[in-house]
Amino acid sequence: TVWIVTEDDEGIASGTGFIVGNGYIVTNAHVVADLGQGGVVYVLNELIPARKARIVNIAYDEDDGESVGGKDFALLRFDPPQGVTLPILTFNVDVKRMDRVSAWGYPFMAAQFDIRTEELQKGNTRGLESPPVVYTEGTVNTILRGKYGEAILHSAQIAGGNSGGPLVNGKGEVVGINTWGYQEEDEGA
């Protein structure tokens, strides 16, 4: 799992991604899609010092607010550090209701309290260090079918900044990509 930090004329934003091949990262398109002219994408974690990445491909259906399962994927390419073996996550599309899952990522609500992100909050990306990855666990509640495809409703807590991070089964396989959360107190969600 990697922390993704973007910087452009509009400021700095962050999200999460995960390594799927040597030098390749998957994330949500909305983490990087609105990057302005001259914008830069950085990827980093405990094993990877801040590296610039480039967007290889984007598949994005902007959400109309009424449906689930739309495309929201981006593939990034970066130069891995020499001599470091990076773990690569594999996919498994066989996910069912009641499966135990975990969400891995860099939610801003946690990262903002880590001293290593203080410089980022000031707008300085030099010497950028990754906060620790946040792990939450839960259960697959159901698989929702929308006009654009399927979405996994699960109880592992996510927040802003988890976008693009993996939803992982008990075998360490990616079963989904965390894209959005929903909270409505009067509905008990």
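Predicted model: local features only at pLDDT ≥ 70, side-chain atom pairs only at ≥ 80, totals over all residues.
Student: How do strands of a sheet pair in general, and which order do they take here?

Tutor: Strands of a sheet pair through backbone hydrogen bonds, in a parallel or an antiparallel way. In this model, 6 strands make a closed barrel in the order β1-β2-β3-β6-β5-β4, and the pairing is antiparallel. Ignoring direction, neighbouring strands of this sheet are turned by 40 degrees against each other on average.

Student: Where can I check the pairing of β1 with β4?

Tutor: Strand β1 covers residues 2-8 and strand β4 covers residues 40-44; 5 bridges join the two, antiparallel.

Student: What about β3 and its partners?

Tutor: Strand β3 (residues 24-27) pairs with β2 (residues 11-21) over 4 bridges. One of the pairs to look at is glycine 21 with tyrosine 24. The hairpin of β2 and β3 has 2 residues between the strands, and glycine 23 there takes a positive phi near 85 degrees. Strand β3 is also joined by 4 bridges to β6 (residues 72-78), again antiparallel. There, valine 26 has leucine 75 as its bridge partner.

Student: Is isoleucine 58 buried, partly exposed or exposed, and why?

Tutor: Buried means under 20% relative accessible area and exposed means over 50%. Isoleucine 58 has 35% relative accessibility, so it counts as partly exposed. Isoleucine 58 lies in strand β5, residues 51-60.

How values were computed. Residues numbered from 1 in each chain as written. Heavy atoms only, no water. Buried < 20%, exposed > 50% of the residue type's maximum accessible area, 1.4 Å probe, protein only. Pairing = 2+ DSSP bridges. Axes fitted to C-alpha atoms, helices over the stretch in contact; angles between N-to-C directions.
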